[in-house]
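Please read them beside the model.

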Amino acid sequence: MSDIHFGTDGWRGIIARDFTFSNVALCAQGVAEYVVSDGISTKGLMVGYDTRFGSREFADEVAKVLTGNGIKVYLFDRPAPTPVVAYNIVKFDTGGGIIITASHNPMQWNGFKFRSSYGGSATSEVTDVLENTIHRLSKSDIKSISMNEARKRNLVEYINPMDVYVPQLFDLVDIKAINESGLHVMTDPMYGAGLGYFPYLINGGATKLCEVHGEPNPFFPDLVQPEPIKRNMTHLSKMVIQNKADVGLALDADGDRLGVIDERGEYLDSLQVFALLARYLLHVRGERGALVKTVTSTSMIFRLGELYKVPVFETSVGFKNICPIFIKEDVLMAGEESGGFAFRNHVPERDGVLSGLLFLELMVKTNKSASELLKDIYSLVGPHFYKRKDVKVQSRYKEEIKQRVETMRPKEIDGKKILKFDHVDGKRFQFEDGWVALRFSGTEPLIRIYGEASSPSSVSTIIEGLARMIEVA
């Protein structure tokens, strides 16, 4: 129980070692006690899940505990992306929701996410309460009934998660124009919860769409992990080239992140996609509103804020840090380095399906290819190149490395003069033509080193230079 901690996006653990039915039940009991004490238990809770090992069964376990506490459960009848759960929470006006998913983690993992009544990530204050509640619970505190009993008491209702979500997408995106455009699109849901969404939405018109890895497979074969980053998108890249497609779109395993391949088979990184979508909303659609970025996301957003005279807010990594701003301010778009983007008039939650549809709409409305769009934005804000290095950290070295990071005050990295540094989240150093940052992952045993600069060689230099400074090879 002491290992149950809610990081940047919920609690995750190795299946059968940490992530067990017993621990999931404790988490569910903790949520039940929280919503009861907060006075929102009468509104019920949404429960969704992804395509990982045992996710449906773990979701049932959650439902048994919640209904055992007298809380009505709206239980999905099929796997669904995290943003679909989020939107259903809002439409059904529930007190929040629980999602069984480990997002982009490797196949051995599963996870437990709690979403608040507004559909977004719970704040740190809420997750702290949940953790403290869970840690004081024992198995004898768990209240649980069978699913049959829950049905008899009318405490569980099975729902099709697409029923309210799909109409929302038609309200936000010109899907008709996409279907009539004649684009050739390849999609890759990476065997995850987003499979079938793009084919369902884009069909019956001149546009041709082909989905790869479009069946559930919790082994995530051919992928290091189901995350839409370059190393996991080589198959999609080949398929785009072989099929002479106009674009490739990939989702992570719980469908809240987007990856893009251009018509040449080249990977567009998440920072480039963020800037392209933000400029589309500002320039082509003519919308105005604040932009929100995390510290490890692109500085192009600051430049767009200046050009289009809109405010830009910067937060620590994690949508739980973005949500409060999204709710308080008139936010047009928010995004983070991981490829998760959220939009106005929706939920304060990353949505990979919506992001992908907006990228297609961008191509259709401008009549430009992905590579042409990238050239356009570079002509506006200058070239920006990004790189991330993930390094596994053995637990016995973690504290030593943390100490080294805390005390480091370099004046230069690999010959590049540091103009300023901050520690909003980890450490970030800024140079004349870019920045490099380091932080410990909140969900995995990793150190992440991020960088953005005006050339590929420059960003590689600062990334590797910082890695050497902390003796991470």
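1. Which residues form one aromatic cluster? The members are Trp11, Phe19, Phe21 and Phe58. Note that the model is predicted.

2. Aromatic pairs number twelve in the structure. In one of them, Phe53 with Phe219, the ring centres are 5.1 Å apart and the planes stand at 85 degrees, so the pair is edge-to-face; the angle needed for that label is over 60 degrees.

3. The location of this pair deserves a remark. Phe53 belongs to the loop between strand 2 (45-49) and helix 2 (55-68), and Phe219 to the loop between strand 8 (208-211) and helix 9 (234-242), so the pair ties together parts that are 166 residues apart in sequence. Phe53 has a relative accessible area of 32% and is therefore partly exposed, as the range for that term runs between 20% and 50%.

4. A charged side chain also meets a ring: Lys416 lies over the face of Phe431, 6.0 Å from the ring centre.

5. On helix packing, the axes of helix 11 (residues 300-308) and helix 14 (residues 370-381) come within 10 Å and cross at roughly 70 degrees. Helix 11 is therefore roughly perpendicular to helix 14, a term that covers 65 to 115 degrees.

6. Helix 11 contributes Met300, Arg303, Leu304, Leu307 and Tyr308 to this contact, and helix 14 contributes Ile377, Tyr378, Leu380 and Val381. By class, the residues of the contact of helix 11 with helix 14 comprise eight nonpolar, one charged and no polar.

Terms used
Residues numbered from 1 in each chain as written. Predicted model: local features only at pLDDT ≥ 70, side-chain atom pairs only at ≥ 80, totals over all residues. Heavy atoms only, no water. Phe/Tyr/Trp six-rings, centres within 6.5 Å; stacked < 30°, edge-to-face > 60°. Helix = DSSP H or I, 4+ residues; strand = E, 2+ residues; numbered from the N terminus. Buried < 20%, exposed > 50% of the residue type's maximum accessible area, 1.4 Å probe, protein only. Lys NZ or Arg CZ within 6 Å of the ring centre and 35° of its normal. Axes fitted to C-alpha atoms, helices over the stretch in contact; angles between N-to-C directions. Parallel < 35°, antiparallel > 145°, perpendicular 65-115°, else oblique. Contact = heavy atoms within 4.5 Å. Nonpolar A, V, L, I, M, F, W, Y, C, P; charged D, E, K, R; others polar.
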